[in-house]
Amino acid sequence: MLTLSGMQLGFGLLLGEMLMGESAVVLDTHLSASASALSDRLFETRGLSIELAAPLSAEDMVVQAMDDASPTKWHLAHTSWFFETFVLTPYLTGYPLFDEAFNYCFNSYYEHQGPRQPRPKRGLLTRPSLDRVLAYRQHVDLALAQLLAVQTNAPPDLIRRLEIGIQHEQQHQELMLTDILALFAANPLRPAYRSAQPRSVPAPCEPPRWIDFAGGVYPIGHDGKGFAWDNEAPRHDVLLRPFRLADRLVTNREWLAFVADGGYETATLWLSDGWAAIMRENWHAPLYWESRDGEWFEMSLEGLQPLSLDAPVAHVSYYEADAFARWSGKRLPTEFEWEVAAATAPKQGIFLGTAALRPMPAKAEPNGLLRQMFGDVWEWTQSAYLPYPGYRAPKGALGEYNGKFMVGQHVLRGGSCVTPQDHVRPSYRNFFYPHQRWQFLGLRLASEAA
């Protein structure tokens with residue numbers, strides 16, 4: 001596992017501290033780090049956002065590839081707006097707003113904060129200019145430094161909000177990368193965000209092994225130790241029947257077999273909404289796959305690259321994952337099965353950040369351990385994203401972070417190749433709509449016990 005300070009990529013970007021998607025509100029704020037360490041993390045994170053944007057042109061940073069994505073310039077401004085709105089305005093006496101219009105431009109979905117630019121039209125915000133957005137970030141950073149300089153005994157709520165702000169910006173750093181990939185994939189020139197890195201080509205991976213888990217009553221949810229989001233609580237018991245999980249993720253090679261066998265043309269493999277989606281969107285393969293002269297390629301942040309057959313498949317929707325599982329004679333795990341299994345798995349993800357190819361599967365563990373539970377792709381589960389028994393959304397604007405999205409989405413577990421070590425835990429719940437696939441989304445097969 002690599003941390004932010006230890007993960008140096010070839011083009012000078014540090015990508016170890018990132019998180020997929022905007023998730024929730026902090027549940028437990030018992031921080032082991034000192035206030036000084038929190039300040040270091042804050043400004044390290046703020047600086048990383050600028051580094052991530054450095055390879056881009058001004059034109060790159062204003063365009064929006066699709067409704068789900070946002071321009072890089074918007075991400076840079078929104079993360080500053082978050083600190084201004086939820087930290088500086090309530091806690092720094094006399095703090096001067098940089099621009100009152102920015103609340104409309106850079107609010108994401110907080111109804112408490114008033115009207116805002118519609119998400120699908122963020123790419124129309126050619127003004128404010130990039131220079132003004134960068135000046136906004138500097139204004140906010142100077143104010144944050146001033147705030148921390150006068151805080152000898154910071155109140156718990158301020159510490160909590162600073163931690164949320166750091167986590168929130170890390171989430172947007174990963175969103176920046178996935179949105180840049182969506183943008184460059186839509187460009188006919190297929191530009192690269194970074195230069196390709198040399199990699200060895202391993203032998204084909206072994207067939208998956210099946211790991212058995214006993215049925216019974218298991219505790220689910222965050223145990224209250226350290227940082228977590230509100231959707232990971234309350235901790236509660238669930239009853240599980242005996243089940244099995246594949247010890248590794250589904251690979252591109254296996255997905256190619258699904259494609260070759262007519263997986264995208266066989267209606268009986270698909271949920272009704274999924275079949276409608278592939279008919280409407282003309283899906284024939286995972287997002288970013290391209291077939292050229294009989295050879296498959298995959299668009300990545302390193303440009304268009306030959307498909308790595310034994311890397312985990314990525315950029316597939318819930319509908320596709322469900323259809324593949326049905327074609328395989330298996331199913332997707334529930335989120336509870338996944339969490340119980342993950343408690344026994346080593347956290348050995350590679351966290352390659354902007355790598356063109358996901359980490360290759362390791363050889364099977366002789367002791368039957370699960371592999372690739374963390375650090376390759378987010379793993380679809382068959383579980384609808386719903387509140388745990390007894391869940392109550394926090395009050396106020398920050399309470400909008402999570403609870404109001406608990407409808408129509410599915411839970412993903414594990415963390416992708418851009419998820420940091422300190423965000424990886426068995427109880428973490430990511431969530432997306434079943435048609436979405438621009439993030440690093442993959443799958444692991446499950447079945448009933450033999």
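Start by selecting residues 410–413, which are strand 9, together with strand 10 at 430–432. The two strands run antiparallel and are joined by three bridges. Within this pair, look for L412: the residue standing opposite in strand 10 is N430. Note before going on that what you have open is a predicted model.

Now widen the selection to the sheet around this pair. Four strands make up an open sheet, and reading across gives the order 10-9-8-11. The pairing in this sheet is mixed. In general, strands of a sheet pair through backbone hydrogen bonds, parallel or antiparallel. Which strands sit at the edges? They are strand 10 and strand 11, the latter being residues 441–442, and each of these pairs on one side only.

Next, go to the helices. Select residues 35–53 for helix 1 and residues 72–91 for helix 2. Their axes come within 10 Å and cross at roughly 165°. Angles over 145 degrees count as roughly antiparallel, and helix 1 and helix 2 are therefore roughly antiparallel to each other. The crossing of these two helices is left-handed. To see what makes the contact, show the side chains of L42, R46, S49, I50 and A53 on helix 1, then T72, L76, T79, S80 and F83 on helix 2. By type, these contact residues comprise five nonpolar, four polar and one charged.

Two cis peptide bonds come next.

- Select R127 and P128: the peptide bond joining them is cis, with omega about 5°. P128 is in the loop between helix 3 (102–106) and helix 4 (130–149).
- Select A233 and P234: the bond from A233 to P234 is also cis, and omega is near -5°. P234 is in the loop that lies between strand 2 (216–220) and strand 3 (236–240).

The last stops are residues with positive phi.

Select R190, in the loop between helix 5 (156–185) and strand 1 (210–213). Phi of R190 is near 50°, a positive value in a residue other than glycine. Is R190 buried or partly exposed? R190 has a relative accessible area of 23% and is partly exposed, since buried means under 20%.

Finish at H315, found in the loop between strand 7 (303–306) and helix 8 (318–327). H315 is not a glycine, yet its phi is positive, about 65°. With a relative accessibility of 1%, H315 counts as buried.

Note on methods. Residues are numbered from 1 along each chain as its sequence is written. This is a predicted model: local features need pLDDT of at least 70, side-chain atom pairs count only at pLDDT 80 or more; totals for chains, interfaces and linings use all residues. Side-chain values use heavy atoms; hydrogens and water are left out. Axes are lines fitted to C-alpha atoms, for helices over the stretch in contact, and angles run from 0 to 180 degrees between N-to-C directions. Angles under 35 degrees count as roughly parallel, over 145 as roughly antiparallel, 65 to 115 as roughly perpendicular and the rest as oblique. A crossing is left-handed if the near helix is turned anticlockwise from the far one by less than a right angle, and right-handed if clockwise. Contact means heavy atoms within 4.5 Å. Ala, Val, Leu, Ile, Met, Phe, Trp, Tyr, Cys and Pro count as nonpolar, Asp, Glu, Lys and Arg as charged, and the others, Gly among them, as polar. Two strands pair if DSSP finds at least two bridges between them. Buried means under 20% relative accessible area, exposed over 50%, partly exposed in between (1.4 Å probe, protein chains only).
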